[in-house]
2 protein chains.
Amino acid sequence: MNSNLTLKKKLVESGYSLTSQREEVYTELIENASAHMTAEEIFIKLSQRHLRIGLSTVYRTMSIFTNIGITDKVDFDDGMSRYELVEDFSGNSHRHHHLICLGCGRVEDAFDDLMEDLEKDVLEKFSFNIIDHSVKMYGYCADCSKKQDKN
Amino acid sequence: MNSNLTLKKKLVESGYSLTSQREEVYTELIENASAHMTAEEIFIKLSQRHLRIGLSTVYRTMSIFTNIGITDKVDFDDGMSRYELVEDFSGNSHRHHHLICLGCGRVEDAFDDLMEDLEKDVLEKFSFNIIDHSVKMYGYCADCSKKQDKN
DNA sequence: ATAGAGAATGAGATTCATTCTCATTTTACA
DNA sequence: TGTAAAATGAGAATGAATCTCATTCTCTAT
């Protein structure tokens, strides 16, 4: 399949090989693309499918994937690291912004259009050249906002 | 002193009392206002001053301070939580943005002026009401940018 | 295709930040 | 001032993530 060719290319050009375990983890990420899974969740899902993999290997794989730009490591302050696929890992893709609902805990992904202005501003005021950024917004999603209004 | 009156007020109105330990921690935060200290760093600094305090108490205190809005808990991806004083914890103060230098590791604090546009945008597109946000910018500070240019 | 070198795996041990427990001390208020 | 409730601190416990090392797999040169 096409996407696994891209995976292999990306791994090989960074000096890694495409093993069955790395392929399984990648497939799991694709099939749960909006899930922000933890290493342990990936491990459990693969085990349920009777795919033999060790938890250490999942952690190692996520570390490699993140280092070579296949995934982003994200943190929603619940004590575990989570991972999401980088949208288009051949080019310079934008990192997601996360809208974290304080009501129901759901996490929505949002893209950033206005960040460019902010980056220019930071460069001017601080002489700081931004390479990447992580933006988390805490608030109330549409559903929870409605529920709040009723009370 | 004036600021400790504010500390007491804030604690009492949330149902806590002002103990000597909480006062010591607060003083330490004031004196290292730009330091983004970990609980353990606070513990060590206080111990060096021969102020008797337990590490658990520091953790508990930071948890309370953060819950009632005296401090913000910040995370620079080094495996430890760090804390910074909220600028003006009687009013609605802006949270800091952090400029994290990938070269030297230094962390600068920046305020947000342009975030309001971004918040409006998120409200329109996602019906998501933002209460708070956390923004981390990774890049190169003025010094490290210069060094890079030379190479 | 095959051998051999180096990379990858996995089970379990280890680490380390943080939280919990509970006996003791301190604080607030009647 | 006495007492109930809150806070403290030493050490135990927790749990995510990393490390170890013997075994297995992958890739390349022949």
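## The interface between the two chains

Chain A and chain B bury about 2,900 Å² between them, with 68% of it on carbon and sulfur atoms; buried area here is the accessible area, found with a 1.4 Å probe, that two parts lose on being put together, summed over both. Of the area that chain A buries against chain B, 21% is supplied by A:Phe126, A:Phe128 and A:Met137, which is more than any other three residues give.

This is a predicted model, in which local features need pLDDT of at least 70 and side-chain atom pairs count only at pLDDT 80 or more, while totals for chains, interfaces and linings use all residues. Residues are numbered from 1 along each chain as its sequence is written, chains are lettered from A in the order in which they are written, and side-chain values use heavy atoms, with hydrogens and water left out.

## What touches what

If contact is taken as heavy atoms within 4.5 Å, 34 residues of chain A are in contact with 34 residues of chain B. Twelve residue pairs between chain A and chain B are in polar contact, both residues being at pLDDT 80 or more; such a contact is a pair of N or O atoms within 3.5 Å, where within protein one must be able to donate a hydrogen and the other to accept it, and residues adjacent in sequence count only if both atoms are side-chain atoms.

The largest share of the side of chain A that touches chain B comes from β6(A), which gives twelve residues; helices (H or I, at least four residues) and strands (E, at least two) are DSSP runs, numbered from the N terminus.

Strand β6(A) is joined by eleven bridges to strand β6 (residues 129-140) of chain B, and the two run antiparallel, where strands count as paired if DSSP finds at least two bridges between them. Within this pairing, A:Asp132 stands opposite B:Tyr138 in β6(B).

The same surface serves both copies, since 100% of the contact residues of chain A recur in chain B.
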